[in-house]
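Reader: Hi! I'd like to go through this structure with you, a bit at a time. Can you put it up first?

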Amino acid sequence: MALAWGARLLLREGARGAWAGAVSRLGGREAAAAGVAGSWRRYGSQRVLVEPNAAPGVAVIRFKNPPVNSLSLEFLTELGITLEKLENDKTVRGVILTSDCPGIFSAGLDLTEMCGKTPAHYTEFWRALQELWLRFYLSNLVLVAAINGAAPAGGCLMSLTCDYRVLADNPKYRIGLNETLLGIVAPFWFKDTLVNTIGHRATERALQLGLLFQPAEAFQVGLVDQLVPEDQVQSTALSVMTQWLAIPEHARQLTKTLMRKATADNLVRQREADIQNFVSFVSRDSIQRSLQAYLEGLRKKKG
């Protein structure tokens, strides 16, 4: 969790076409402002860097929303737009997700989006998070997380949408869904994603205690698939990607859908109820006080 202010971009309800209206406005404007080369401008934005030809058929998405890649409304939107562009490029078959910010993969949801705002804003923010999760979780592309830093809460969730997770073996890094430590309850689709990865009992313990796993613990419980020295995270992710891309694409994509569709459908059926639950919960005076106290603590640490 971190401090970050993002501009407010309208996300409309819908499935795969939900990002389309914002693509030219956001992606084009910010890429041009960044003054970067043509191939990067085709895909990336100010906060989302893209290497479109890291290897044949492979692109790398680098999170660049300093200081800690917090998931603001604007950052969520840019990530969704970027993946949609890559999915529409028939030369791209796999994407590696990693961070451009040293020591941090993503610190999770931007708490400033959840504190002191209107119910309409909370609705827009939560819908954006739902849409991003659905797009990443159901993507036909192979997604490999090259986790080169800490990944609490929403950062962990982002990695869980991927098909494979490589984590830097650095004892300073932690990964997990630690929402309860902030007085927040992880929604059912966070829970479902974790259950699908590490099993019911391990998830029950992890969520109730808000556990943040060290690398060895994360590997042992199955939260990540491989631990490597920090300077080998990217190369290992590329090597893993080669193995996944060697599988006949149609068969792999159908198998992925078979494994994940029921989990995604569970959210699709309950999207509006989930939004209402979130807005009702986060609007409580007790939750607002808790978030404000946490943010004030962060400000004091920075000061």
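**A bent helix and its surroundings**

Author: Helix α10 bends by about 50° at R260. The bend at a residue is the angle between axes fitted to the seven residues ending there and the seven starting there, and helices (H or I, at least four residues) and strands (E, at least two) are DSSP runs numbered from the N terminus. This is a predicted model, with residues numbered from 1 along each chain as its sequence is written. Local features need pLDDT of at least 70, side-chain atom pairs count only at pLDDT 80 or more, totals for chains, interfaces and linings use all residues, and side-chain values use heavy atoms, with hydrogens and water left out.

Reader: What span should α10 have, and how far apart are its end C-alpha atoms?

Author: Helix α10 covers residues 249-269, and at 1.5 Å a residue its 21 residues should span 30 Å. The expected span is 1.5 Å times one less than the number of residues. The end C-alpha atoms are 28 Å apart, which agrees.

Reader: Which residues of α10 are buried?

Author: R252, Q253, K256, R260, T263, A264 and L267. Buried means under 20% relative accessible area, exposed over 50%, and partly exposed in between (1.4 Å probe, protein chains only).

Reader: And what covers them?

Author: The cover includes α4 (119-137), β5 (142-147), α5 (154-160), α6 (188-198), α9 (233-245) and α11 (271-282).

Reader: Back to R260. Is that arginine buried or exposed?

Author: R260 counts as buried, because its relative accessibility is 12%.

Reader: Which residues is R260 in contact with?

Author: Leaving aside neighbours within four places in sequence, R260 is in contact with Y137, L138, L160, T161, C162 and D163. Contact means heavy atoms within 4.5 Å. A polar atom of the R260 side chain lies 2.7 Å from the backbone oxygen of T161. R260 also lies over the face of Y137, at 4.5 Å from the ring centre. For that, NZ of Lys or CZ of Arg must be within 6 Å of the ring centre and within 35 degrees of the ring normal.

Reader: Nice, rings! How many aromatic pairs does the structure hold?

Author: The structure holds 8 aromatic pairs. In W126 and F278, the ring centres are 3.9 Å apart and the planes are at 10°, so this pair is stacked. Rings of Phe, Tyr and Trp (its six-membered ring) pair if their centres lie within 6.5 Å; planes under 30 degrees apart count as stacked, over 60 as edge-to-face and the rest as tilted.

Reader: Where do W126 and F278 sit?

Author: W126 is in helix α4 and F278 in helix α11, 152 residues apart, and the pair links distant parts of the chain. W126 counts as buried at 4% relative accessibility, and F278 counts as buried at 9%. W133 and Y137 form another stacked pair, at 4.7 Å centre to centre with 15° between the planes.

Reader: How many residues apart are W133 and Y137?

Author: They are 4 residues apart in helix α4, about one turn of the helix. An α-helix has 3.6 residues a turn, so residues three or four places apart point the same way. W133 counts as buried at 3% relative accessibility, and Y137 is buried with a relative accessible area of 3%.

Reader: Which residues do ring pairs link into a cluster?

Author: Ring pairs link W126, W133, Y137, W189, F190 and F278 into a cluster.

Reader: Let's switch to α6. Which of its residues are buried?

Author: W189, F190, D192, T193, L194 and I198 are the buried residues of α6. They pack against α4, α5, α7 (200-209), α8 (215-221), α10 and α11. Just after α6, G199 takes a positive phi of about 95°.

Reader: What about T197, buried or partly exposed?

Author: T197, in helix α6, counts as partly exposed at 23% relative accessibility. The T197 side chain reaches the backbone oxygen of T193 at 2.9 Å. Beyond four places in sequence, T197 is in contact with L160, R165, G222 and L223.

Reader: Last one, the whole chain: how many helices and strands are there?

Author: The protein chain has 12 helices and 9 strands. Of its 303 residues, 55% count as buried.

How values were computed
Polar contact = N/O pair within 3.5 Å; in protein donor to acceptor, adjacent residues only side chain to side chain.
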